[in-house]
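Here is a friendly tour of one protein chain, section by section. Have the sequence and the model open beside you as you read.

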Amino acid sequence: MRDGNARVPRTTTTAGGEAMQKYLAEAVGTFVLVLGGVGAAVLAGDRIGFLGVSFAFGLSLLAMVYTVGPISGCHVNPAVTVGLLMAGKFNKRHVAGYVIAQCVGAIIAAGVVLLIAKGMPGGYSAGAEGLGSNGYGAASPEGYGGGAAFLAEVALSFLLVLTVLGATDSRAPVGFAGLAIGLVLTLIHLVGIPITNTSVNPARSLGPALFAGGDALRQLWMFIIAPLLGAAFASAVYRLVHRPAVQITATRAEQALEDERRERVTGRRDVEHPV
């Protein structure tokens, strides 16, 4: 070392090891999303209200986009994973691993929130209080019926996935994907909390439902099907309105530097295969 700059040794990572890093990043990202969002709803909802819970979800996702996004793309949501797959921005061989990791992260986070909540004076019952679970009818915060809840979840999931696809497009401003995605999740919760407590994420719904049981578990099907349907619509619309000369993955978009942006805009970078 002559000038204070040490040469960093080159390390090699096997394909399996790289995949496991992505899966772990997805589990951690989903854990933080559910811990931050559901934790805010359960532990502080009566103090911060719908607005505060909405920002808790949005800020949790915003933080994770910049934390685990360069590793895995920060899907932290099976609907986002499916939407990216259908848009040609994700490799199908990783879908099962991502979805399992997301669900595991959400379940662990919901369990942690429950353990903390049990420390309240008088304790806490997930079955009675719901643990921030999603629902319709009697389980809806404002009593919305199943049809309205289903339509809301499809439409709001469409908005989320379309924003992810657009914000990580090769022509999108570099470095701002996290802001767009975090803010749109905040907006989605402002609209959706009174209707269903806002899912737009099957993993987020699964975690609390497993501990709450009852209606949360019986109605879980809607919060799996509706977000996936919304993701499919978003992918179809994205393919119609976006015709990028260069296709890049969400992970690459969240890693991009200014010189990479210039390369993408001028079309000098080769088409990247989904990872």
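## Aromatic pairs

Rings of Phe, Tyr and Trp (its six-membered ring) are taken as a pair if their centres lie within 6.5 Å; planes under 30 degrees apart count as stacked, over 60 as edge-to-face and the rest as tilted. With that rule, a search of the whole structure turns up 3 aromatic pairs. One of them joins F90 and Y98: the ring centres are 4.7 Å apart and the planes meet at 65°, so this pair is edge-to-face. Both F90 and Y98 are buried, where buried means under 20% relative accessible area, exposed over 50% and partly exposed in between (1.4 Å probe, protein chains only). Together with Y23, F90 and Y98 make up one aromatic cluster.

Y136 and W221 also form an edge-to-face pair, at 6.5 Å centre to centre and with 80° between the planes. This pair links distant parts of the chain, 85 residues apart: Y136 sits in the loop between α5 (126–129) and α6 (146–167), and W221 in the loop between α9 (214–218) and α10 (222–241). Y136 counts as buried because its relative accessibility is 18%, while W221, at 40%, counts as partly exposed.

## How the model is described

This is a predicted model, in which local features need pLDDT of at least 70 and side-chain atom pairs count only at pLDDT 80 or more, while totals for chains, interfaces and linings use all residues. Residues are numbered from 1 along each chain as its sequence is written, and side-chain values use heavy atoms, with hydrogens and water left out.

## Overall fold

The protein has 12 helices and 0 strands; helices (H or I, at least four residues) and strands (E, at least two) are DSSP runs, numbered from the N terminus. Of its 275 residues, 50% are buried. Contact here means heavy atoms within 4.5 Å. Among the contacts with a separation of 6 or more, 78% come from residues 24 or more positions apart.

The protein exposes about 12800 Å², and carbon and sulfur atoms supply 64% of that area; accessible areas come from the Shrake-Rupley method with a 1.4 Å probe, and for residues only the protein chains shown count as cover.

Which helix holds Q102? Q102 lies in α4, which spans residues 95–117. With a relative accessible area of 0%, Q102 is buried. Its side chain makes polar contacts with the side chains of E26, at 2.9 Å, and T81, at 3.0 Å. A polar contact is a pair of N or O atoms within 3.5 Å; within protein, one must be able to donate a hydrogen and the other to accept it, and residues adjacent in sequence count only if both atoms are side-chain atoms. Leaving aside neighbours within four places in sequence, Q102 is in contact with E26, T30, H75, V76, N77, P78, T81 and A203.

## Helix α3

Helix α3 covers residues 78–86, and P78, A79, V80, T81, G83 and L84 in this helix are buried. N77 caps the N-terminal end of α3, with a side-chain oxygen 2.8 Å from the backbone nitrogen of A79. Just after α3, G88 adopts a positive phi of about 80°.

## A nonpolar patch

Patches are made of residues with over 30% relative accessible area and no salt bridge: like charges are joined within 9 Å, and nonpolar side chains (Val, Leu, Ile, Met, Phe, Trp, Tyr) within 5 Å. L51, F55, L59, L187, L190 and V191 make a nonpolar surface patch of about 530 Å². Helices α1 (15–67) and α7 (177–196) each supply at least two of the patch residues, and L59 is found in α1.

## Salt bridges

A salt bridge is a side-chain nitrogen of Lys or Arg within 4 Å of a carboxyl oxygen of Asp or Glu. The whole structure contains 3 of these. R47 and D46 meet in one at 3.4 Å, N to O, and both R47 and D46 are exposed. D169 bridges to R171, with the closest N and O atoms 3.2 Å apart; D169 is buried at 3% relative accessible area, whereas R171, at 49% relative accessibility, counts as partly exposed.

R218 and D215 form a salt bridge at 2.7 Å, N to O. Both lie in helix α9, 3 residues apart, about one turn of the helix. An α-helix has 3.6 residues a turn, so residues three or four places apart point the same way. R218 counts as exposed at 58% relative accessibility, and D215 counts as partly exposed at 32%.
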